[in-house]
Amino acid sequence: MIRYVDHRRDNAVSSWEDLARALGGSFAARARGLISPEMILLTSDGEPFGRLTAGEAGETRLQAGDLAAWIEPRTDSTYAMTTDGEETLTAENAGSATALTLRSGDRVYDASISPLRNSAVARSSDEREAARVSGGLANRRYRAAFDPQDPASLPVAIFLLHRAFALRSSAFRASS
């Protein structure tokens, strides 16, 4: 019997795992401009390794070396992150725009975002912290930590960074 293996999916998972291993559980981000549609992703040594760039239709593109992923809103108040055309993560509101349920494969995370504190955290179903993002008052610099032992925690951290930055940016635009 011949078994078909989707190498594209294996490569996507491998890319996330390779990046997580290289980052060692943390990274930083810096916005370009005051209210910017682009963030530069940095290693803990301050070296650029990728970009998060917002598009015009609400989608955001992650480019980190060979890894390319998209975060896109769906029509039913959910979001999807795809890598090489395969779903990496889904997010749905859990009562409000700041409480989310994230799913990646068979893993489920409860996440909360605090625009006032400019922070976000995701916990796995066993209550362990999988990812944490915290930003500065001016919404220009962020720090992210993720569990390098959890293969889905880096995509979770990237998604939390994306949402925290977007919520905070929309608050800045509304107050202008």
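Reader: Is Glu87 buried, partly exposed or exposed?
Author: This is a predicted model, so take every value as computed from it. Exposed means over 50% relative accessible area and buried means under 20%, with partly exposed in between. Glu87 has a relative accessible area of 42%, so Glu87 is partly exposed.

Reader: Which residue forms a salt bridge with Glu87?
Author: Start with the general idea. Side chains of opposite charge can pair when their charged atoms come close. Here the partner is Arg74, and the closest N and O atoms are 2.5 Å apart.

Reader: How many salt bridges does the whole structure have?
Author: A search finds nine. Another of interest pairs Arg107 with Asp150, at 3.5 Å from N to O. This pair links distant parts of the chain, 43 residues apart. Arg107 lies in strand E9. Asp150 lies in the loop between strand E12 and helix H2.

Reader: What does Asp147 pair with?
Author: Asp147 forms a salt bridge with Arg128, with the closest N and O atoms 3.1 Å apart. Asp147 is in the loop between E12 and H2, and Arg128 is in the loop between E10 and E11, so the pair ties together parts 19 residues apart in sequence. Asp147 counts as buried, at 15%. Arg128 is partly exposed, at 49%.

Reader: Which residues do salt bridges join into one network?
Author: Look for bridges that share partners. Arg32, Glu38 and Arg51 are joined into one network this way.

Reader: Now the strands. How many strands make up the closed barrel?
Author: Follow the pairing from strand to strand. The closed barrel has 12 strands, running from E1 through to E12 in order, with antiparallel pairing. From one strand to the next, the twist averages 20°.

Reader: How many bridges join E1 to E2?
Author: Four, and the pairing is antiparallel. To read a pairing, find residues that are bridge partners. Ala29 has Leu41 in E2 as its partner.

Reader: What happens at E4 and E5?
Author: They pair in the antiparallel sense over five bridges. Leu62 stands opposite Ala69 in E5. Now look at the turn. E4 and E5 form a hairpin with two residues between them, and Gly65 in the turn has a positive phi of about 65°.

Reader: How many residues lie between the strands in the hairpin of E5 and E6?
Author: Four, and Ser77 takes a positive phi near 60° there. E5 and E6 pair over five bridges, in the antiparallel sense. Glu72 stands opposite Ala80 in E6.

Reader: How do E7 and E8 run?
Author: Antiparallel, with five bridges joining them. Ala91 stands opposite Leu102 in E8. E7 and E8 form a hairpin with two residues between them.

Reader: How many bridges join E8 to E9?
Author: Six, and the two strands run antiparallel. Ala99 has Ser112 in E9 as its bridge partner. This hairpin has two residues between its strands, and Gly105 in the turn has a positive phi of about 60°.

Reader: Last, the core. Which residues touch the most other members of the largest nonpolar core?
Author: First the general idea. In soluble globular proteins, nonpolar side chains tend to be buried together. The largest nonpolar core here has 44 residues, and Phe27, Leu102 and Ile158 touch the most other members. H2 gives the largest share of this core, 10 residues.

Reader: What is Leu102 in contact with, leaving aside its neighbours within four places in sequence?
Author: Its contacts include Leu89, Ala91, Val108, Tyr109, Val156 and Phe159. Arg107 is also one of them.

Conventions: Residues numbered from 1 in each chain as written. Predicted model: local features only at pLDDT ≥ 70, side-chain atom pairs only at ≥ 80, totals over all residues. Heavy atoms only, no water. Salt bridge = Lys/Arg side-chain N within 4 Å of Asp/Glu carboxyl O. Buried < 20%, exposed > 50% of the residue type's maximum accessible area, 1.4 Å probe, protein only. Pairing = 2+ DSSP bridges. Axes fitted to C-alpha atoms, helices over the stretch in contact; angles between N-to-C directions. Core = buried A, V, L, I, M, F, W, Y, C linked by side-chain atoms within 4.5 Å. Contact = heavy atoms within 4.5 Å.
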